[in-house]
Amino acid sequence: MDDPEERFTALYDRHYRSVLGYALLRAEHAVAEDVSSETFLIAWRRLDELPEPSLPWLLGVARNLLAKQRDSGHRRRALVERVAALTTAQDHQSWDVAEHVVDREAALAVLASLPEQDVEALALATWHGLPPDQAAAVMGCSTRTYNVRLHRARKRLRKALRAEPPARPHPRAPHGRFLEEA
Amino acid sequence: MTDQMFARLKPSVIDELTEETYHRRRAADLARALAAPRAAGAPPARRPFRRVPAPGRPVLLVAGATAAGLAAAAIVVPGLAAPPARPGTPSVSATAGATAPPTLDARSVLLAAAATAERAPAASGRYWYTREHVAQKVREIPGRYETAIKALAAELQAKQRELAGDPGRLKAYTEDFERRVTELKRTAASSTAVPFAALTEETQESWRAREKGDHNRTVRDEQGRVVFASPADEAKWKRMGSPRLTQDRPRSQDDDLDLVLSIGNPQLTIRNVSRLPADAGGLAGRLRELYRRNAADRPEDTTYALYLWQTGLDLLTAPITPGTRSALFLVLAGERGLVSEGRVTDALGRAGVALSVSGPGDDGEDDAIGYRLVLDAATSQVLQYEVTEKGSGTPLLRVAYEDMAWVDRLGERPRR
């Protein structure tokens, strides 16, 4: 694997889905695709400087690119808002099957009340499976700061869910427009 | 508990979107990146390249044997100078978030296609199915030459009987007869034989048996279609009395011949092409060896680039393995004698990249004939090839491949 083309192709094949998945939670599909392409173009230019593991580095680049979207007219969307937009009937079904104490909308509404960075800390740990030091690298903060955010997010989420009255079943829009109701 | 619940909030559509997007974007993303300059930084000692000891091919470099003893090929994309390194941790380039369509050069597209090919599943079957659209330039009025040569042959037979007792006059007549046949052939093949530019087009399907003795089948349109290069060409044809340009022939034909796979390489058969090397270094070496061994079977002035173009086409339309296909793309990308034409559209409206080479004409004129191969980077398939006379807008031959796959029964088409 000394050949740069081979190394880069392997990097792309291994991590493209993760990078796009990360970007999709922060931007519209077309923008997320462009950000992912750009992320890998930068990775190619810096191939010899890439740390191991590379995924946190790639997500960090994507995160910086997404932050720039604010300047270029594509408004970056809040993570919870993107989750709502991407939610399908299938998600509602599997949620209901799992018999959670609150329904999906209520859980999202709770998330929406948390600071964006706290939700992101939780997402990096839970959805992307990154250990604290790697998640901290993505967010560009110290491991200690990251751990504080993660802890705070979990605590607030637990508290809010306990305080939330049991939700009544109600009709759902296919793409979860419930945030406006919440 | 909180984490588990949170985990389930991730929309399931994300995985579908990433998978779909990955397959759709991969070829273009890789090509775009590989075409971009890299920051300098790789210490030269890590890449112990040496040149292939063959003249005229400075592009394909074969990596020195690795610890595992495997030779891997690396391609140097021409025209790329390493810019100064920009050290630092993750940061954003000046072109961040740019959405301008990337300009792709054919070589980097080929490199990406090589990687795509490697991922395709290997397949097998009893018959190699091909569906192609064949367009050929009208170079003679069908039947005209046959009629004339039959008349000459009948005259010869009559004269042979008539002059049976007069060897001197028969010899003189025979010499004159041969001169007239040569003249007839010359005019039939000359550009003045057909004063207009037109193509006959037909669709052809073929099933080629893997095992010796099994039947091959070819199915084609009973009559081709004629496409004139311009209304003026059609008017010229009408002034000639609108002679018929297509010929009737059987729609379906079976045979049990063990057909030649690659005219210039008798060693290759439909049964053994799947065993060609799957690494670029190994394949490049094998092709060089075939080129040397088969020198007697081709015109002396065939350059290696032209040989590689033709053999590459023969292999890309044959049942080679995904690994060999990938290696072949790397070999093609590295052959400097093949000129990249960048992005083109084929006769079926499909986008691809073109690789071309020129070769001598029938009378040995330099670069009189152009050969072009159109390849699809997204699927690593050959889309089309063309053979064109220099200075003519109408190709002598143009074949667009619509489908190619193994099937198990004669007459069966691949399921898509």
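Helix α1(A) has these buried residues: Glu5(A), Phe8(A), Thr9(A), Tyr12(A), His15(A), Tyr16(A), Val19(A), Leu20(A), Gly21(A), Tyr22(A), Ala23(A) and Leu24(A). Buried means that 20 or more other C-beta atoms, placed from the backbone, lie within 10 Å of the residue's own. This is a predicted model, in which local features need pLDDT of at least 70, side-chain atom pairs count only at pLDDT 80 or more, and totals for chains, interfaces and linings use all residues. Residues are numbered from 1 along each chain as its sequence is written, while chains are lettered from A and ligands numbered from 1 in the order in which they are written.

**Helix α1**
- α1(A) covers residues 4–24, and its end C-alpha atoms are 28 Å apart, which agrees with the 30 Å that 21 residues should span at 1.5 Å a residue (1.5 Å times one less than the number of residues).
- A kink of about 50 degrees is centred on His15(A), the bend being the angle between axes fitted to the seven residues ending there and the seven starting there.

**Chain A overall**
- Chain A has ten helices and zero strands (DSSP runs: H or I of at least four residues, E of at least two).
- Of its 182 residues, 42% count as buried.

**Helices α7 and α8**
- The axes of α7(A) (residues 116–126) and α8(A) (residues 132–139) come within 10 Å and cross at roughly 130 degrees.
- Glu120(A), Ala121(A), Leu124(A) and Ala125(A) in α7(A) meet Ala135(A), Val138(A) and Met139(A) in α8(A), with contact set at C-beta atoms within 7 Å, placed from the backbone.

Technical notes
A residue is buried if 20 or more other C-beta atoms lie within 10 Å of its own, exposed if 12 or fewer, and partly exposed in between; C-beta atoms are placed from the backbone. Axes are lines fitted to C-alpha atoms, for helices over the stretch in contact, and angles run from 0 to 180 degrees between N-to-C directions. Two residues are in contact if their C-beta atoms, placed from the backbone, lie within 7 Å.
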